[in-house]
Amino acid sequence: MKSWSGRSGLAKVDVYTRVTAYLLMWCAVFALALLLLTRPVRHEAPLLLVVVAPLLNLANGILCHRFLRRAMDVYLRPGTALGPREVLPAAAAAAATTAAVLAEAATADLTGLLPGMLGGALVPFFTGHCLLFPVRTVVLHQALLGAVLLAAVPLTGRSAGPTLATVLTVCLTTGWLAVTIRLSLWVLRVLFELREARDVQARLAVAEERLRFGRDLHDILGRNLSVIALKSELAVQLARRERPEAVDQMIEVQRIAQESQREVRDVVRGYREADLRVELEGARGVLDAAGIDCAVDVPGLVLPDAVQAALGWVVRETTTNVLRHGDARHCAIAVREEPGAVLLTVENDGVAGETGTPAPGGRARSGPGPGAGSGLAGLRERLAAVGGTLEAGPGEGGTFRVTARVPVSADRPRTRAEVAP
C-alpha cells in the first residue's frame, strides 16, 4: 500500500473524498448507537428491543458501508452495475429505522430523541443512494421519504407541530448530506475525466508524431528510391552494352543511398526541416538525372522560416510524384509573390502517369507502382498549419499542375536570406 506522500495529487483527492464520505456515514451510525444506549432507553424499552436495536444499527452501518463503496464506484465509473444484494442496505436501513422509532416510543421522558434516531438510521443508506440516481430522482425520493414520515410519525403519539419539526429535521439532514456527498464526488469525477482527457491528448500526440514520422520517411525515401531505381536500371543497360559509364551510374547510386541514410537519421533525431532553396536545387538535380528537363523560376524572395519549410515540402513531394507516377519530359517550378501571399506552382507534362496510367508511347518506369498515395493529403495538412491551401489538377496544354498558396504578411520581418534557384 502506498504511503500518503507517495500518492499522486488525484489519488490524494480520491482518498480524502472517500474517507470523508465514510466518516459522515459512520458518524450517523455512532450517533444512533449512543442514543440507543442512553439510560432512559435502556430502562424503559423492552429488553429484546434494547438488544436488537444496536445490533440492527451495526448491521446497517456495515451493509451501508459496502453499499456506499459500490455507489461511489458506479458514480465515478459509469457503466458499473450493482448486484442484486444491494437491496440489503435498504432493508437494513428500514429495520434500523423501525427499531429506533420503537425504542424512542417506549421512552416517555425523552420525546425529543426521534429526529436524531431517524437521522442516524436513514443517513447511512442515503449517503450512497444519492449517487445512484439523477438529481430529479433523488429529490423525488426525498419528497417520498417526507411523505412517509408525515404518515408514520403521528403513530408515535405526536401532535402536528412536533411531527412537522421531526420530518423537516430528518429531510434537511438527509438532503444536506446528499448535496454534500454528490458535489464532492462530482468534483472527483471531473478530476478523473480531466486525467483521462490528458491521457487521450498524450496518446493523440504520439499518434500524430508517428504519422508525421511516417510522412517524412515517405517524402524522403520515395524520391531517393525512385532515383536509385532509375539509375540502377540505366546502369544495368549500360553494363549489358559493356559501357564504362555504368560504373559512374553505380557510384551515383551509392552516393544517393548514403544521402538517404543521412536524411533518415536526421528525421529520426527530429532535426530535419525542409528548406525551399535546398529542395529546389535537389529537385532540379534529381529530375535532370532522370532525364526530365526541369526549369526553375524563383525570383529573390524573403520568406519566413515556416513558409519556406512548408513550400519546401511541396517541392519535395511533387518531385517524388513526378518521378514515381508520371512519364514527364518537362517540369517547371515557379515561385512568385502575390498581394498578401506567395504562390508555388509545379507543372509537368506527365499528366497520364499522374493517375497511374503510362502515357501513350511513353517509356516504362521501374520502382514503386503507380498510385495516388497519401502525399497530397500530407501536404494539405502541412500547408493548413501555416494557413495555406493546395490545389492539384490538369493544367493548360495537357499538363498536370500543383499550386500551393501560403498567406504572407506584408510587414513580415526580413530575417531570412533570399530564396534563389
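Q: How does Glu252 count by relative accessibility: buried, partly exposed or exposed?
A: This is a predicted model, in which local features need pLDDT of at least 70 and side-chain atom pairs 80 or more, while totals for chains, interfaces and linings use all residues. Residues are numbered from 1 along each chain as its sequence is written, and side-chain values use heavy atoms, without hydrogens and water. Buried means under 20% relative accessible area and exposed over 50%, with partly exposed in between (1.4 Å probe, protein chains only). Because its relative accessibility is 24%, Glu252 counts as partly exposed.

Q: Which residue forms a salt bridge with Glu252?
A: A salt bridge needs a side-chain nitrogen of Lys or Arg within 4 Å of a carboxyl oxygen of Asp or Glu. The closest N and O atoms of the pair are 2.6 Å apart. The partner of Glu252 is Arg255.

Q: In which helix do Glu252 and Arg255 both lie?
A: Helices (H or I, at least four residues) and strands (E, at least two) are DSSP runs numbered from the N terminus. Glu252 and Arg255 are three residues apart, about one turn of the helix. The helix covers residues 245-269 and is α8.

Q: How many salt bridges does a search of the whole structure find?
A: Side chains of opposite charge can pair when their charged atoms come close. One example is the network of salt bridges that links Asp14, Arg18, Asp73 and Arg77. For the whole structure, the search finds ten.

Q: How far apart in sequence are the parts tied together by Arg405 and Glu338?
A: The side chains of Arg405 and Glu338 meet in a salt bridge, with 3.4 Å from N to O. Arg405 is in strand β5 (residues 400-407) and Glu338 is in strand β2 (residues 330-338), so the parts tied together are apart in sequence by 67 residues.

Q: What is the relative accessible area of Arg336?
A: Arg336 also takes part in a salt bridge with Glu338, where the closest N and O atoms are 3.9 Å apart. Glu338 is partly exposed, with a relative accessible area of 25%. Arg336 is partly exposed too, and its relative accessible area is 43%.

Q: At roughly what angle do the axes of α1 and α5 cross?
A: Two packed helices are described by the angle between their axes and the distance between the axes. Here the axes are lines fitted to C-alpha atoms over the stretch in contact, with angles from 0 to 180 degrees between N-to-C directions. Helix α1 (residues 9-36) and helix α5 (residues 114-129) have axes that come within 8 Å and cross at roughly 155°.

Q: Which residues does Thr17 touch, not counting those up to four places away in sequence?
A: Thr17 lies in helix α1. With a relative accessible area of 8%, Thr17 is buried. Counting contact as heavy atoms within 4.5 Å, Thr17 touches Ser184, Leu185 and Leu188.

Q: What distance separates the C-alpha atoms of Arg77 and Arg189?
A: Arg77 lies in the loop between α3 (47-76) and α4 (87-105). At 43% relative accessibility, Arg77 counts as partly exposed. Arg77 and Arg189 are 112 residues apart along the chain, and their C-alpha atoms are separated by 8.3 Å.
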